[in-house]
Amino acid sequence: MPFFRELNYEQRQALEEWLKKYEVELNFRTRNEFSDAFAVAKLFDKVHPGLVDFRCYLARSSVALKKQNWHIFNIRTLKRMNMGLSQRDLYRLARGGGWALETLLYKLMMTDVPPRVEGGEEGTLQESRD
């Protein structure tokens, strides 16, 4: 089963709302910027601080060098998050083609769950009764 598929309308809307939280708008300029793994790694670092080691990345402009960045990002970050990609998927991302970027960002969004508060509301109710 391929990793990338077109998002439906609801998924796309949820992704756009989630990206606003990180001050990102998917337009031509940002899609071009996000065709390099370095830019996507910055967003991953905002969502999961400390996960990305930036010492191995340089901003790239050619598709071949962007694919090299994606390969490093795939090995060092995505596989650790159980989001590993094939060589074909890495090439799609480096080219900036199709739904590749949206699907990857949607999968990142699905890992961004708010932290659970120990005790929740019950803990506050018990404290107020005492």
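Student: What makes the side chains of Asp53 and Arg55 a salt bridge?

Tutor: Their N to O distance is 3.0 Å. A salt bridge needs a side-chain nitrogen of Lys or Arg within 4 Å of a carboxyl oxygen of Asp or Glu, so the pair qualifies. This is a predicted model, where local features need pLDDT of at least 70, side-chain atom pairs count only at pLDDT 80 or more, and totals for chains, interfaces and linings use all residues. Residues are numbered from 1 along each chain as its sequence is written, and side-chain values use heavy atoms, with hydrogens and water left out.

Student: Why is Arg55 called exposed?

Tutor: Its relative accessibility is 74%. Exposed means over 50% relative accessible area, buried under 20%, partly exposed in between (1.4 Å probe, protein chains only). Arg55 therefore counts as exposed.

Student: Why is Asp53 called partly exposed?

Tutor: Asp53 has a relative accessible area of 27%, so it falls in the middle class.

Student: How do you know that Asp53 and Arg76 form a salt bridge?

Tutor: Their side chains meet at 3.7 Å, N to O. That lies within the cut-off, so the pair counts.

Student: And why is Asp89 called buried?

Tutor: Asp89 has 6% relative accessibility, so it is buried. Its side chain meets that of Arg92 in a salt bridge at 3.4 Å, N to O.

Student: What makes Phe38 and Phe54 an edge-to-face pair?

Tutor: The centres are 6.1 Å apart and the planes are at 85°. Rings of Phe, Tyr and Trp (its six-membered ring) pair if their centres lie within 6.5 Å; planes under 30 degrees apart are stacked, over 60 edge-to-face, the rest tilted.
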